[in-house]
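Let's take a walk through this structure, one neighbourhood at a time. Have the sequence and the 3D view open as you read.

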Amino acid sequence: MSQVINRKPEFDILKGILIIFVVIGHTSIHIPYINVFWFHMPAFFMITGYLTKKWLTPKDIYTAIKYKDHTIWNRIGKYIFPYLSYSVLFFILFQPESLLKNLVRILYGGVNNTTVYSYPFWYINALFIATLAIGGGKLFKQNRANALILLIIWILLHCNIMKLLPIPLPWGTDTALGAIIFLCIGNVTKEMKSKKWHWYLLILPFIFIIFNKYASLHYKLNMKSMVYDHFILDLCVPVFFTYFFYQVSIILSHIRGCSHLLSYLGMCSMTIYFTHAAILSLTRKGLQWNDAIGFVSAIVIVALLHTLFKYFRITRILFIGKLK
């Protein structure tokens with residue numbers, strides 16, 4: 001969907017760590033003092049913002065359709081084809097509702113697309129819409145006008161205005177507002193250079209955890225549910241944790257076995273994202289396994305499936321979105 005710059009191994013490791021947190025967040029597994037929803041989805045958006053070199057625009061979509069520009073279709077297909085393919089496949093396997101109702105749900109997308117297997121799919125819809133908004137509005141350019149637009153978006157999110165709507169907007173247009181903010185934060189960090197004193201920032205997540213625990217802050221952040229709890233902390237907390245795990249990823253990149261495993265999970269992260277809810281549902285209801293076994297199954301089985309998908313052109317197109 002967006003052209004990306006060549007990235008260092010730590011970014012795949014970071015994505016591997018984050019996708020583990022995503023799966024954990026959809027199980028009963030509890031991490032003491034930490035809510036993974038504070039940072040895992042904002043971090044994915046920030047990574048995309050950081051790695052994106054050229055933003056997709058509505059004009060690009062028009063060009064792709066009118067002139068059959070395969071270069072642009074290759075970018076779009078990475079997100080559209082897996083979304084549709086997994087939706088069809090899992091409907092056939094689970095059949096949670098009537099065909100017509102499910103078809104409407106898929107086409108409408110966003111948080112309304114919530115079944116036993118599709119509740120994570122909002123992310124890909126929001127990412128697509130947010131990318132178009134940033135590219136079309138040229139919000140990636142750092143100027144006062146864009147800063148004002150982003151501030152207004154942030155205020156709207158914290159006023160809960162979008163929740164006044166009778167139903168969520170199609171294709172995650174409402175949840176895309178938060179995605180725009182975190183994509184832009186990731187984009188801004190391209191210009192920042194690492195300095196020695198930045199290592200002191202690694203203590204900030206621990207300070208926040210202690211403060212949240214003993215000051216009874218009860219902090220919440222959930223991008224899918226559009227729960228934005230604090231005007232300042234909703235920016236700071238995801239950034240603090242993302243930076244912390246980024247530095248952890250740099251350290252792990254020097255540990256060969258761990259590096260290879262997490263890097264591969266990072267490369268499989270979108271496949272895991274699309275499929276883990278279905279596997280967790282199967283292991284819970286069909287096999288009656290506990291969530292710990294279901295968690296391991298969701299990671300291992302999907303990593304193997306991703307390897308299989310890469311070998312065949314049709315599965316690369318349908319389930320990974322690689323049209324080349």
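F39 counts as buried, at 1% relative accessibility; buried here means under 20% relative accessible area, exposed over 50%, and partly exposed in between, using a 1.4 Å probe and protein chains only. This is a predicted model, where local features need pLDDT of at least 70 and side-chain atom pairs count only at pLDDT 80 or more, while totals for chains, interfaces and linings use all residues. Residues are numbered from 1 along each chain as its sequence is written, and side-chain values use heavy atoms, with hydrogens and water left out.

What does F39 pair with? Its partner is F21, and the two rings sit edge-to-face, 5.2 Å centre to centre with 85 degrees between the planes. For the rule behind that: rings of Phe, Tyr and Trp (its six-membered ring) pair if their centres lie within 6.5 Å, and planes under 30 degrees apart count as stacked, over 60 as edge-to-face and the rest as tilted. F21 is in helix α1 (residues 9-25) and F39 in the loop between α1 and α2 (40-51), so the pair links distant parts of the chain, 18 residues apart. The helices (H or I, at least four residues) and strands (E, at least two) are DSSP runs, numbered from the N terminus. F21 counts as buried too, at 12% relative accessibility.

Another edge-to-face pair is Y83 with F121, at 5.9 Å centre to centre and 65 degrees between the planes. Y83 lies in helix α4 (residues 70-94) and F121 in the loop between α5 (99-108) and α6 (122-137), so this pair ties together parts that are 38 residues apart in sequence. Both Y83 and F121 are buried.

These two rings also belong to a cluster linked by ring pairs, which includes Y86, F90, F94, Y117, F128, W171, F274, F309 and F319.

## The nonpolar core

In soluble globular proteins, nonpolar side chains tend to be buried together. Here the largest nonpolar core has 92 residues; such a core is a set of buried Ala, Val, Leu, Ile, Met, Phe, Trp, Tyr and Cys residues joined through side-chain atoms within 4.5 Å. The largest share, 10 residues, comes from α1.

Which residues have the most contacts inside this core? They are F45 and W122. Leaving out residues up to four places away in sequence, W122 touches M41, F45, G110, V111, T175, M223, K224 and Y273, where contact means heavy atoms within 4.5 Å.

## Helix α7 and its hidden side

Helix α7 (residues 144-158) has 15 residues and reaches 21 Å from its first C-alpha to its last, close to the 21 Å expected at 1.5 Å a residue; that expected span is 1.5 Å times one less than the number of residues. Its buried residues are N146, L150, I153, W154, L157 and H158. They cover an arc of only 130 degrees around the axis, so they are on the same side of α7; the arc is that of the directions from the helix axis to the C-beta atoms. Among what covers them are α6, α8 (176-188), β4 (227-228) and α10.

Now for the ends. At the start of α7, a side-chain oxygen of N143 reaches to within 3.2 Å of the backbone nitrogen of A145. Just after α7, N160 takes a positive phi of about 60 degrees.

## Spots in the loops

T115 is in the loop between α5 and α6 and is buried, with a relative accessible area of 10%. Its side chain makes a polar contact with the side chain of S118 at 2.8 Å. A polar contact is a pair of N or O atoms within 3.5 Å; within protein, one must be able to donate a hydrogen and the other to accept it, and residues adjacent in sequence count only if both atoms are side-chain atoms. Not counting residues up to four places away in sequence, T115 touches P96, E97, N102 and R105.

P170 is in the loop between α7 and α8 and counts as partly exposed, at 37% relative accessibility. The C-alpha atoms of P170 and V111 are separated by 8.5 Å, with the two residues 59 apart along the chain.

## Two helix residues

Is S249 buried or exposed? This residue of helix α10 (residues 233-252) is buried, with a relative accessible area of 0%. Apart from residues up to four places away in sequence, S249 touches E10, I13, L14 and I17.

Y264, in helix α11 (residues 256-267), counts as partly exposed at 22% relative accessibility. Setting aside neighbours within four places in sequence, Y264 is in contact with A303, H306, T307 and K310. The C-alpha atoms of Y264 and T307, 43 residues apart along the chain, are separated by 9.7 Å.
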